[in-house]
Amino acid sequence: MSATSAAIVDETPAGLISAAAGGSEAAFAIIVERHYVAMTRVCFVVCRDADVAAEAVQASWPIAWQKLRSLREPERLGAWLASIAVNEARQLVRRRRRRSIVEIQVAGSGSQSMANPADRVEDLDLARALDRLDADDRALLALRYVAGLNATELGRGLGMSASGTRRRLARLLKRLRTELGDE
C-alpha cells in the first residue's frame, strides 16, 4: 500500500470526495473504480455504441475531478457522475451524428442457440425502437432504468419538477409500447 492510499482512512462517499477534492489521486482512483462500469452502461444506452460510451466516460473523469468540490450531497455521487457521463455521451452523439449497426448472429455461427427466435426478434425490435429515440430521450431512460435515478433526482438534473419528469417518462414508455405493439 502506498503512502497516498494509506492516508485514505474513510472510504465512504463523503470521505472519498473530501480526500479527492483535496487532491488525493488515490481517493479519486477508488471513485473511478467504483463507478466506471455503471457509467459505461448508462452511456451505452445513450450512444448505442460501446466505443463511444467508453469515450464519453473517459471524457467525464476530468470534469468530475475539476467539479468534485461542487458536489454538496455525497450520497448522490453515483447519480452526479452518471449525469456528467450522460451529458458527455449526448454531446458525442450529436457531434458524430452516426447510426450504430446492430449485429445479428447467424444461426449456428455462435454459442447462442435459436431455440426461441421470437425472443431475438423482440430484442431487435426494442433496439430499433430505442434507436429511433433521440439521444436526450435515451439519456432520460438510461438515467432512470440503468442508473436507477428516481424522478426527483432526474428532475434536479433536467431542471424539471418530479411530476414533469414522470410525465415525460410516461410519454416515452407509451411511445415505446406503441412501437412494439405492447398496447
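**The whole chain**

Of the 183 residues in the chain, 37% are buried. If you display the contacts between residues at least 6 apart in sequence, 61% of them join residues at least 24 apart.

Next, colour the chain by pLDDT, which averages 80, with 79% of the residues scoring at least 70. Confidence is highest in helix α4, residues 50-67, at a mean of 94, and lowest in helix α1, residues 3-6, at 47.

**Helices α3 and α4**

Select residues 25-47, which form helix α3, together with α4; the two pack with their axes 8 Å apart and at an angle of about 140°. With that angle, α3 and α4 are oblique to each other, and their crossing is right-handed.

Now show the side chains where they meet. From α3, the residues that take part include Phe28, Ile31, Val32, His35, Tyr36, Met39 and Phe44, while among those they face in α4 are Val52, Ala53, Val57, Gln58, Trp61 and Trp65. Sorted by class, the contact of α3 with α4 comprises 17 nonpolar, 4 polar and 1 charged residues; Glu25 in α3 is one of the residues to look for here.

**Helices α7 and α9**

Move on to residues 135-145, helix α7, and residues 162-180, helix α9, whose axes lie 11 Å apart at an angle of about 105°. That angle makes α7 roughly perpendicular to α9.

On the α7 side, select Asp136, Asp137, Leu140, Leu141, Arg144 and Tyr145, which meet Thr165, Arg168, Leu169, Leu172, Leu173, Arg175 and Leu176 in α9. The residues of this contact between α7 and α9 divide into 7 nonpolar, 1 polar and 5 charged.

Select residues 98-115, over which pLDDT stays under 50, and for which the model has 15 contacts beyond four places in sequence. Where pLDDT is low, the predicted coordinates should not be read in detail.

Definitions and conventions:
Residues numbered from 1 in each chain as written. Heavy atoms only, no water. pLDDT = per-residue confidence, 0-100. Helix = DSSP H or I, 4+ residues; strand = E, 2+ residues; numbered from the N terminus. Contact = heavy atoms within 4.5 Å. Axes fitted to C-alpha atoms, helices over the stretch in contact; angles between N-to-C directions. Parallel < 35°, antiparallel > 145°, perpendicular 65-115°, else oblique. Left-handed = near helix turned anticlockwise from the far one by under 90°. Nonpolar A, V, L, I, M, F, W, Y, C, P; charged D, E, K, R; others polar. Buried < 20%, exposed > 50% of the residue type's maximum accessible area, 1.4 Å probe, protein only.
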